[in-house]
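Please read this note with the model open beside you, and follow each numbered point on the display before going on to the next.

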Amino acid sequence: MNGPKTGHNLIEHILAPQDSQDIQATHEIINFMDEMPGGFLIYYMGGNQEIIYANKALVRMFQCTTLEEFRELTGNSFQGVVHPEDLEAVEQSIMEQITNSQYDLDYVEYRIIQKDGNIRWVEDYGHYMHIENVGDIFYVFIGDATEKRNLHLAEKKRLLDEKIQKEEKLKSLIEEFDKERSLINQEHLRRLEVIEGLSVNYESILYADLDADRILPYRLSDRTEKQFEKKFQMRRFRWYAKDYVDTWVHPEDQALVAKVSSPEYIRKRLAKSKTYYTNYRVINRGELQYLQLRIVNVGSRGRISQIVMGYRKVDEEVRQEMEQKQIFEDALNTANLAINAKNTFLSNMSHDMRTPLNAIFGYTALAKKYIVDHGAVEDYLGKIELASKQLLELIEKVLELSWAESNDTRISETECNLSDIVQDVHENLLPKAMEKNITFSLDSTQMTHYDIFGDQNKLRQLLSNLATNALTYTEEDGQVDISVKELEKFPNNFAVYQFIVRDTGIGISKDFLNHIFEPFEREKNTTSSGIHGTGLGLTIAKNLVDMMGGDIHVDSTPGKGSTFTVTLRFRIQTHPLSSANHTEDAFSSLLNKRILLVDDNIANLEIETEILQGMGFIVETAINGSIAVEKMELSSLGDYDLILMDIQMPVMNGWDATKHIRGLKDPALSRIPIIALSADAFDSDRQMSIECGMDAHLTKPIDVPLLLETIAKTLHARKYSETDGSKQR
Ligand code: ADP
C-alpha cells in the first residue's frame, strides 16, 4: 500500500493515464462513474478497508450531500458502510466468494444506516483486483435493494400467509373430518351395541348378498361354525343354505327350511315385508330342539339382495305357545261343553217346568169349573200342590247348584251329631220309600264318635241327594240301605267316616259312570222311562264332597243296583253333648232362660217373641244392633242368658253388634252366647257370623226344634267351657 491517496488522484493513479488523451479518457471515466445512477465504491481490501472512491449516487444513498460528508459518516471505511450487525457475515461471505470465484467476483446483501438513522438494504456486486503500485482493492457496485427486498419480503410474507391460511384451512378440514369420523365411529359403535343388544338371543348371525351369491358370518354357533372354516370367511350363499339344511335340519323340516332360505323365496317374501321367520326342528346329540330362522332385508327396498340371517333357539317359546294353544283349546272346549250343557239343561228345564205348570193351570181351570163340587176341587188342589212341589224342587236344585258354583265354597264347621244327621235324612225320605214299598234301612251303629265338628247342612244335603236318587232309581219292592262306618281315629281328634248308600235299583251303565258327576247329565234309560229329574243332584253331591275335602265313589251293575260310597274326615268333639239323655236334660234346663231378641222387623219380633215365650223363655227385644250393645253394656250378670241376633239391621248390623259385645271388658258379659237368626243362608254369611264371634247361625223362617236344640247346645257348651275353664273352639 502506498500511503493514503484519496479521491480523483487515486483513481487517476489507478487508471494511470499515460498521455493527455489518456488523461482526457480518465476524466471521462471518472465523470461517468460520478454520474452513474447506481452506487459505486472503491476501497482497499486490507487494513482499515479505507475508501478510495465513492460516486455521487452512493453518497446520496447515505443521504449525504458531499463525499466528505459520506467519508465522515462511514469513517471512510467499508466497515462503516455495512450495518454493524451484518458486517461479520458480509466480510466472511466476500472472502469465501473471492477465494472460490474464478473471476474474483462476489455478491452480498446487507443493511446500511443512512445519515438520519434510517436503515436500507443494498445489493453489493464486488470485484477484487490487485493493481501494481496500488495494492489489493475492491470495486463495488451498490444498488438500493430495499424496495426489491421489501417486495420480496412482502411476497414471501404473502406466500407464507397463504401457506398459513392453506394450512389452517386444511387443519380445520382435518378437524372437521376427524370430528365427523369420530361421530361416525360413535354412531357405528352405538349401532353395533344396538345390534349386539337386539341379537343377544341369536346364536348365529350372517350377512348375505344374494346377487353376489356370497355369505359372510358375523356370529357363529356350534352349528353354523361347521359351514365356515374361520370367522369372516366368505362362502357362496347357495352352497351354505343347502349345506346347513343337509347337516342340521330335522328330515321332516328340510323341505320347508330349504324353501324359505332360497334366494327366490327370500326376494318374494322381503318384497312384502322387511322381515320374516320360520320355526323348525333340529336334532342335536339325539335331542329335539326348536330353532327359529329370521331373515331381514338390510339393503334397498327395490332390489332385494343384502340380507341378514339370524338363528335362535325357541324351545321355551314354542313350548309356551303350544301350552297356550292347549289352554285356549281347553277353554274353547270347556266353553263349548258349557254351552252345550246349558242348552241341554235349558231344554230339560223348560220341559220339566212346563209339565208341572201345565198341570197347575189345567187343574186350576178344572177347579174353577167345578168349584161347587167340593170333592173334585179338593182332588184338583191336591194335584196342584204336587205339581207346585215338583216345580219348587226343580228351582231349589238350580239354586243349590248356582250357590255351589258361585265359589262360595267355605265350610262352616259347627258342633253336630252324625247319628242325628243320618237319622234326619232317613226320616225325611221314609215316606218316599213307603210310597214305593221300598225297604229303607239305616245303620249307624258302627261308629264310636257321633259328635263331631262339621258342616251339617252340606252333609245332610249330600246324603239326602244320594238317598233320594237311590229311592228314585229303585223300582217298587226294592231295597235301599244307608250305613255309616267309622274307619279309624287319629290321635289329633280326627276320625274318618264312610257313608254308604246302597240300592237294588236299575243300576248304571259303565259308560255313563264316567260322566255321572258332570252337570246336566242323565242316563238315557232314566229320561226315557219318564222319571222326573234335573241331572244336577250328583253334580251338587260331588261339589259338596270336594268342599268338605272328601271322596266319592260309585259301584254299579245295571239291573242289579248301585253303591255310592262317600269318605269324609271330621274333627270329633271331646265332650259329647247330644246323646238323647243329654238333650232332654239340656231342654229342661232352658225354662225361664232370659233371651235378648234383636230384630228390626216388628212383625218378626212379635212372632218370634210369641214362639220363644211359648217355649218358656223370658224375652226382651231390641230393634237394632246398637240398642242391643247398649242393653248389654248396662246389664249385669244374669240379666241375659243368650242373644238371638238378626244380621241385616239399620244403625248397626248383627255382626258389628256381636263384635262390640265380644269386646266388652267384663268377661261375664262379653262371653254371652249369641246365635244369628238371619234370612241369609249363604255359607259366606254363616262363616262371617262365626268369624265375628257368634256361636251358631240359623236361618229364617225359624225351624223351632232346631232353634231349641241349638239354644240348648249353645248354653250347654258355654256352661261346660266356663266350668272347664277353656273354650271349646
Ligand atoms: P237327577 O237324578 O235329577 O236326574 P242326578 O245328578 O242326581 O240327577 O243323577 C244323574 C243321573 O245319574 C240320573 O239321571 C240317573 O240316570 C243316574 N243315577 C243317579 N243315581 C242313580 C242310582 N242310585 N241308580 C241308578 N242311576 C242313578
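How many residues lie between S17 and S18 in their hairpin, and which residue in the turn has a positive phi?

1. The hairpin. Three residues separate S17 from S18, and Gly-559 in the turn has a positive phi of about 85°. Strand S17 covers residues 551-557, strand S18 covers residues 561-572, and the two pair in the antiparallel sense over seven bridges; here two strands pair if DSSP finds at least two bridges between them. Opposite Asp-551 stands Thr-567 in S18.

2. The model is predicted, with local features needing pLDDT of at least 70 and side-chain atom pairs counting only at pLDDT 80 or more, while totals for chains, interfaces and linings use all residues. Residues are numbered from 1 along each chain as its sequence is written, and side-chain values use heavy atoms, with hydrogens and water left out.

3. The chain as a whole. The protein chain has 25 helices and 23 strands, where helices (H or I, at least four residues) and strands (E, at least two) are DSSP runs numbered from the N terminus. Of its 729 residues, 40% count as buried, a term that means under 20% relative accessible area, with exposed meaning over 50% and partly exposed in between (1.4 Å probe, protein chains only). The chain exposes about 41,000 Å², of which carbon and sulfur atoms supply 54%; accessible areas come from the Shrake-Rupley method with a 1.4 Å probe. Among contacts between residues at least 6 apart in sequence, 58% join residues at least 24 apart, a contact being heavy atoms within 4.5 Å.

4. The antiparallel sheet. Five strands, in the order S2-S1-S5-S4-S3, form an open sheet with antiparallel pairing. Strand S2 (51-54) and strand S3 (105-113) stand at the edges and have a single partner strand each, so one side of each is left without a neighbour in the sheet. Direction ignored, neighbouring strands of this sheet are turned by 25° against each other on average; axes are lines fitted to C-alpha atoms, for helices over the stretch in contact, and angles run from 0 to 180 degrees between N-to-C directions. Within the sheet, strand S1 (residues 39-44) and strand S5 (residues 135-144) pair over six bridges in the antiparallel sense, and Tyr-44 stands opposite Ile-137 in S5. Helix H6 (residues 84-100) packs on the sheet, touching S1, S3, strand S4 (119-131) and S5, and its direction makes about 175° with that of S3. Helix H7 (residues 146-198) also packs on the sheet, where H7 touches S3, S4 and S5 and makes about 120° with the direction of S4.

5. Helices around H15. The axes of helix H14 (residues 418-435) and helix H15 (residues 456-472) come within 10 Å and cross at roughly 30°. This crossing of H14 and H15 is right-handed, whereas H15 passes H18 in a left-handed crossing; a crossing is left-handed if the near helix is turned anticlockwise from the far one by less than a right angle, and right-handed if clockwise. Helix H18 (residues 537-547) packs against H15 at an angle of about 145°, with their axes 9 Å apart. The residues in this contact include Leu-462 and Leu-466 of H15 and Ile-540 and Leu-544 of H18.

6. The parallel sheet. A further open sheet of five strands has the order S20-S19-S21-S22-S23, with parallel pairing. S20 and strand S23 (696-699) are at the edges, each with a single partner strand, so one side of each is left without a neighbour in the sheet. Helix H20 packs on this sheet, touching S19, S20, S21 and strand S22 (674-678), and its direction makes about 160° with that of S20.

7. Strand S19 and its partners. Strand S19 (residues 594-598) is mostly covered, as four of its five residues are buried. S19 pairs in the parallel sense with strand S20 (residues 618-622) over five bridges, and Leu-597 has Thr-621 in S20 as its bridge partner. Four bridges join S19 to strand S21 (residues 642-645), and these two strands run parallel, with Ile-595 opposite Leu-642 in S21.
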